[in-house]
Structure formats: C-alpha cells, structure tokens
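Subject: Structure for your review

Dear colleague,

My notes on it follow directly after.

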Amino acid sequence: MSTLDFDPSKLGTKDHWDQRYTQDLTNFRENRLEGEVWCVPSSPFFLYHPLIYTFVRFGEEPEEKMVEWAQAHVPPQSSPNVLDVGSGNGHLLFAMVEAGYDASRLAGIDYSQGSIDLSVAIAKQRAVDDTDTEHAYRSVVFAVCDFLDAESPIPSPKDESTSDATWDLILDKGTYDAISLMDEDAQGIVPLDGYPPRVAKLLRPGGRFLITSCNFTEDELKERFATRALGLEYEDSVPYRRFTFGGKTGSSYATVAFKKQSVSYG
C-alpha cells in the first residue's frame, strides 16, 4: 500500500487539537459557540483558493451529504450502530440524531480529552434547549480513544459485549486527513498505514465505512481501502461541485463509501 508523502504539520499533532478544543470549550461556555465543522486540507489547490477554503474550513456541505447518504443506505429504521472516528465537537453525530438515528447507538471517539469535554458540554446544553424530546443528544456516547492504538478501548455499541466487528457504519470526516499529517514514529512507522486495518476489524460483515477527505482523491481512497486483504469493497461516492484553479480541476472534497464483504481474503 502506497502512502502519499505529506509534510508533517501541527494539524497532525495532539497538542494542536488539545489547544484547539480547550479554546473552543471556553468559547462555548462563555458565548455558546459550538465551534467549527472542520476538515483538514493540505493540498495547495484547496488552501489558496478563497472560495474552496471557506468550504473546507467549515465543512457543512460534506456533513450534510454524509448524513443524507447514511439515511439512504444505512437508514435509522434499521437501528444501526454508528461510530464517528475523530468526532471533534460531535457535530456530525448530533446531525445524525436530528436525522432520526437512535442516539444510544451512536458513539464518537477522539484522542483529545478537550474534544470529548466539548462534545459532552454541547450535548447537555442541546438537551436543555431542545423542546423536541426525540432528540436525545445526551444519549450519544463520547469517549477518549487513540484509534491507532489497539490497546485503547473503543466503547461497545448498545447490546454488544465488544466493539470488534459490531459497527454497521463508521464515519470519518477529516480524521484520516489529520493522521496523514502526523510524523512517523520512533520505529519509522507511518501512522496512516495502521488506519485501514483498524476500520476493517471494527465493521461487521455488510457494514459501511463512509469517509470524507480534503487531502485524498476518490481514487487514492479506493487504493487504500478497497483491498482483498481488508475485505472492503468500493460501494459509492458522493458528487460535489468541481472547480478549476491554476490550470487544475478538482473538488474540494471526496466522500467515498466502502462495504465490508461477508468473507475476507488474506
């Protein structure tokens, strides 16, 4: 499996996100500002085009499209177990609650304690402000977890004894991008390479992985996730508007869905 060579960035460090979410939590407590809907760009095509940068920074469009895709392919009526990897301020999962998903079957994980503290605070306040009792924001589970560390526990879905091979839908909006900006570890291992096998292990047969990236194209995501070894196959992609800038044409995001096969091949 090939890995694109992105230069390490502060956006790939835990310190950056700890500081970011500490600031966001302070802003929320003082001003009720829930924070940005983040996607993490590294491509100059995204960074230097003002219109596209606005979309990449706030990320409302891909979030809406991810929820719409989930409703069509993993509908709330099926009571799916849903895991958001790198859940940030919890905004994507709150949107899933509003779309009718059982909040008690939704879980968000992040390696930043500040992210979890912010998500829980927002959920509590939304529960107070929301007059629609169907939106049980406080039932969403948020937990600190280093997704790349096999020893870091992931909360088990409702009515399940383990988190392995029990998720019907795993979501990623910008987390794989942030990991791509991490530096290699002391053993020279690239953190990005440990991500796809972890996703595949957690999905139940027939489960879906839906990822939105600002750094990788659809083809690059297919190369990394749709492999026989992982037992994942390409299922679908979400269309976005295309832009031409500096002689190059592209979209500000790639949102791609993969499905776990019933039988994995080594």
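Predicted model: local features only at pLDDT ≥ 70, side-chain atom pairs only at ≥ 80, totals over all residues.

Overall content

The protein chain comprises nine helices and nine strands. Of its 266 residues, 50% are buried. Among contacts between residues at least 6 apart in sequence, 75% join residues at least 24 apart.

Much of what I have to report concerns helix α5, which spans residues 91-98. This helix is mostly covered, with six of its eight residues buried. The buried residues are L92, L93, F94, A95, M96 and V97.

Two packed helices are described by the angle between their axes and the distance between the axes.

In the case of α4 and α5, the axes come within 10 Å and cross at roughly 45°. That angle makes α4 oblique to α5. The crossing in which α4 passes α5 is right-handed. On the α4 side, the contact is made by E63, M66, V67 and A70; on the α5 side, H91, L92, A95 and M96 take part.

In the case of α5 and α6, the helices pack at an angle of about 30°, and their axes are 10 Å apart. The angle makes α5 roughly parallel to α6. Here too the crossing is right-handed, with α5 passing α6. From α5, the residues in contact are H91, F94 and E98; from α6, they are S119, I122, A123 and R126.

Aromatic pairs

How many aromatic pairs does a search of the whole structure find? The search gives 13. One of them involves F94 and F142: the ring centres are 5.8 Å apart and the planes stand at 70°, so the pair is edge-to-face. This pair links distant parts of the chain, since F94 lies in helix α5 and F142 in strand β3, 48 residues apart. Both F94 and F142 are buried.

Another pair is formed by Y195 and F209, and this one is tilted, at 6.2 Å centre to centre with 50° between the planes. It also links distant parts of the chain: Y195 belongs to helix α8 (residues 195-202) and F209 to strand β5 (residues 203-213), 14 residues apart. Y195 and F209 are both buried.

Ring pairs also build a cluster, whose members are F147, Y176, Y195, F209, F216, F225, Y234 and F258.

Charges over rings

Two charged side chains are placed over tyrosine rings. The charged end of K65 sits over the ring of Y240, at 5.5 Å from the ring centre. The charged end of R126 sits over the ring of Y137, at 5.3 Å from the ring centre. R126 has already been named above as one of the α6 residues in contact with α5.

Most residues other than glycine have a negative phi, and most peptide bonds are trans.

- D159 has a phi near 70°, a positive value in a residue other than glycine. The residue is in the loop between β3 and β4. D159 is exposed, with a relative accessible area of 64%.
- A165 has a phi near 55°, again a positive value in a residue other than glycine. A165 is likewise found in the loop between β3 and β4. With a relative accessible area of 33%, A165 is partly exposed.

Finally, where is E223 placed? E223 is in helix α9 (residues 218-225). Its relative accessible area is 40%, and E223 is partly exposed. E223 and Y234 are 11 residues apart in sequence, and their C-alpha atoms are 9.7 Å apart in space. Y234 is one of the members of the aromatic cluster described above.

With kind regards

How values were computed: Residues numbered from 1 in each chain as written. Heavy atoms only, no water. Buried < 20%, exposed > 50% of the residue type's maximum accessible area, 1.4 Å probe, protein only. Helix = DSSP H or I, 4+ residues; strand = E, 2+ residues; numbered from the N terminus. Phe/Tyr/Trp six-rings, centres within 6.5 Å; stacked < 30°, edge-to-face > 60°. Lys NZ or Arg CZ within 6 Å of the ring centre and 35° of its normal. Axes fitted to C-alpha atoms, helices over the stretch in contact; angles between N-to-C directions. Parallel < 35°, antiparallel > 145°, perpendicular 65-115°, else oblique. Left-handed = near helix turned anticlockwise from the far one by under 90°. Contact = heavy atoms within 4.5 Å.
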